[in-house]
Amino acid sequence: MAARRCSPIAAARAATPSSLGSFGKLRSLTFGTLGTFGKFGKDRRLRASSDFRRVQRAGKRVTSPHFVFLVAARPEDGPSRMGLVVSRKVGNAVARNRIKRLCRECFRLAVVTIPAAIDLVIIPRGDLSKLDFASVSSEWADVQRFLQKRAAEALAQSPPRAHVARHKDDAGF
């Protein structure tokens with residue numbers, strides 16, 4: 001029986017012990033244990049247009065060279081959430097989706113520094129085609145202190161939040 005031929009890429013993948021390939025190794029070396037801090041599930045996303053309007057209307061503003069951050073207190077208790085508003089001025093769909101992925105990853109890694117019960121809307125601006133993950137994360141790190149200050153101000157100004165019952169059993173019915 002003849003030996004089966006495969007592409008060099010498939011041979012390299014088969015030779016690496018990690019199921020993620022070399023990218024998985026690079027990712028684990030780069031982020032280390034930071035990857036376990038937070039996931040970016042539905043409970044961490046702003047999804048309703050009313051939430052976006054509320055944050056844009058009442059949010060505290062923090063700016064950086066490429067981003068505008070709007071910080072507002074959530075009406076109910078819960079984890080901090082993030083929403084993105086990326087206009088077509090940023091670029092085509094590929095460029096917009098790339099910026100969204102970079103921002104989501106920065107938020108996921110910075111979730112321990114953002115207090116709970118905060119909604120964050122991020123508006124990218126300007127030419128972002130040359131930005132990579134390192135420059136986006138350093139820009140986020142530069143404004144982290146200001147984000148924490150604005151979050152504290154937003155939480156101090158918000159009325160006391162009541163726990164919202166999600167099920168009949170929680171409400172005592």
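## Salt bridges

Eight salt bridges are present in the structure, which is a predicted model. A network of these contacts links Asp51, Arg54, Arg74, Glu76, Arg81 and Asp119.

## Aspartate 119 and its partners

Aspartate 119 also forms a salt bridge with arginine 54, with the closest N and O atoms 2.3 Å apart. Since aspartate 119 belongs to strand S4 (residues 118–124) and arginine 54 to helix H3, this pair ties together parts that are 65 residues apart in sequence.

A salt bridge also joins aspartate 119 to arginine 81, where the closest N and O atoms are 2.9 Å apart. Here aspartate 119 in strand S4 meets arginine 81 in strand S3 (residues 81–84), so the pair ties together parts that are 38 residues apart in sequence; both aspartate 119 and arginine 81 are buried.

## Cysteines

The count of disulfides is zero. The sulfur atoms of cysteine 103 and cysteine 106 are 6.5 Å apart, which is too far for a bond, given that a disulfide requires the sulfur atoms to be within 2.5 Å. Cysteine 103 is buried at 0% relative accessibility, and cysteine 106 is buried at 5%.

## Positive surface patch

Lys42, Arg45, Arg47, Arg101 and Arg104 form a positive surface patch. Of these residues, arginine 104 is located in helix H4 (residues 93–110) and counts as partly exposed, at 33% relative accessibility.

Definitions and conventions. Residues are numbered from 1 along each chain as its sequence is written. This is a predicted model: local features need pLDDT of at least 70, side-chain atom pairs count only at pLDDT 80 or more; totals for chains, interfaces and linings use all residues. Side-chain values use heavy atoms; hydrogens and water are left out. Patches are made of residues with over 30% relative accessible area and no salt bridge: like charges are joined within 9 Å, nonpolar side chains (Val, Leu, Ile, Met, Phe, Trp, Tyr) within 5 Å. Accessible areas come from the Shrake-Rupley method with a 1.4 Å probe; for residues, only the protein chains shown count as cover. A salt bridge is a side-chain nitrogen of Lys or Arg within 4 Å of a carboxyl oxygen of Asp or Glu. Lys and Arg count as positive and Asp and Glu as negative; His and the chain ends are not counted. The place of a charge is taken as NZ of Lys, CZ of Arg, CG of Asp or CD of Glu. Helices (H or I, at least four residues) and strands (E, at least two) are DSSP runs, numbered from the N terminus. Buried means under 20% relative accessible area, exposed over 50%, partly exposed in between (1.4 Å probe, protein chains only).
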